[in-house]
Amino acid sequence: MNIIDELEWRGAINQQTDEEGLRDYVENHKISLYCGVDPTGDSLHIGHLIPFIMLKRFQLAGHRPVILIGGATGTIGDPSGKSEERQLQSLDKVNENARKLSEQMKKLFLKDPDADFRMVNNYDWTKDISLLDFLRTAGKRFNVNTMLAKDIVASRLEVGISFTEFAYQILQSMDFLHLYQEEDVRLQIGGADQWGNITSGLDYIRKVEGPEAQAFGLTIPLMLKADGTKFGKTAGGAVWLDPEKTSPYEFYQFWVNQQDADVIKYLKYFTFLTQEEIADYAEKVANEPEKREAQKALAEEMTRFVHGEEGLQDALAITDALFKGDIKQLTAQQIEQGFGKMPGKTMPKEAANLAVWLVDAEVEKSRRQSREDIQNGAIYINGERVQDLDYEISEADAIEGRYIVVRRGKKKYFLITLAD
């Protein structure tokens, strides 16, 4: 199947500059294509991931992805339809963010050591351009009226936009031309909000290289849930690719908790499962939704893709332990993943009466309530019910000598850390 036909089946295409031309080009050529990301933060989140999964599909189909880290554009800031200017970051901060994003991209695209893949930073070819060169070579080829008509700029005119952010589309166009000339890049991919920047880049290429220059643009649709709300946010905020910000367990749980109305769309959009496999999951959602097999497949595929097999196995182990209540089977690292953001306190290692210890650990509000909950079977230590009022809790109860997981009732968990 032509890669463009596959992307259309997956619902992954929003707009194309030349649908038939691109389809014909990829049918007969190995195409180099790029997508960029500005290092405005030190990690990607799953919203950023969407166009890069598109690049990965091209890579698996035998094409050549080029990932652009915006070390230059990241110092400026894309207006992106926002109502106010971005806060400028220091060059040191941008460079540090760029380094971290580059490491994340390598994990996604260099799983196969023989993979054809390039990563570039636009700071490398932008830093030495003088203001006069910028105005004479690039600026002269951009019509202000055309730039003002771009949606991304027009949406800001009422509240105002600085020249810095206004000029962003010129810098991005310069990137496309540079990659066209130096890396033989013929296709740029981006989110729906990047359409204006992408088409500006195509216009710039044709003004410099001639009207017959073969170059293409493609955007992905805005991802919405079935209820019309934006995809990718949780009560705790963004879902990050950095395991220090969103652990593999939390990442897995985000995907496994998707609604039946959304899960098949996400399987098409995010995973590399075949049409036949996804059709099978669609049937299971229709006939046996309570088993949540499609959600589990989505969670496993995405966690493996981002965090590798080890990250997936950690997430599965924590999920299984929570379901069965067998906390003791987990390692200290897995305890940190699964319970690190739950209420907790650091306690001394000395042995203490459980009823008193629960109050000191702020699991219980009073000794009377503590004793009642113990007697009633509402207290679990590392998954095991404790009903002995004389029970002495100590370092021996701690997993790897560090953590004690307390459950009060059915769902209230606390992570107690023993002091060093």
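Which side chain does a polar contact of 3.2 Å join to that of Gln188? The partner is the side chain of Tyr34. The legends below describe a predicted model, in which local features need pLDDT of at least 70, side-chain atom pairs count only at pLDDT 80 or more, and totals for chains, interfaces and linings use all residues. Residues are numbered from 1 along each chain as its sequence is written, and side-chain values use heavy atoms, with hydrogens and water left out.

View 1. Gln188 lies in strand 5 (residues 185-191). Tyr34 sits in strand 2 (residues 32-37). Helices (H or I, at least four residues) and strands (E, at least two) are DSSP runs, numbered from the N terminus. Gln188 is buried at 4% relative accessible area. Tyr34 is buried too, at 2%. Buried means under 20% relative accessible area (1.4 Å probe, protein chains only). UniProt lists Tyr34, Tyr168 and Gln172 under "binding site" in an unreviewed entry; such annotations may be inferred rather than shown by experiment.

**View 2. Helix 3 gives the most to the lining of the largest cavity.** A cavity is a set of points on a 1 Å grid over the protein atoms alone where a 1.4 Å probe fits but cannot get out; lining residues have an atom within 4 Å of a point. Grid points are joined across faces, edges and corners, and a volume is the space filled by probe spheres set on the points. The count is three cavities of 30 Å³ or more. The largest has a volume of about 60 Å³. Its lining includes Leu7, Ile50, Arg57, Ile220 and Phe270. Helix 3 (46-60) and helix 13 (260-270) each give two or more residues. Helix 3 supplies four.

View 3. Two strands pair if DSSP finds at least two bridges between them. Strand 9 runs parallel to strand 15 (residues 412-418), joined by four bridges. Lys345 stands opposite Ile416 in strand 15.

Notes
On a 1 Å grid over the protein atoms alone, a cavity is a set of points where a 1.4 Å probe fits but cannot get out, and a pocket is an open set with protein on both sides within 12 Å along at least five of seven lines; lining residues have an atom within 4 Å of a point. Buried means under 20% relative accessible area, exposed over 50%, partly exposed in between (1.4 Å probe, protein chains only). A polar contact is a pair of N or O atoms within 3.5 Å; within protein, one must be able to donate a hydrogen and the other to accept it, and residues adjacent in sequence count only if both atoms are side-chain atoms.
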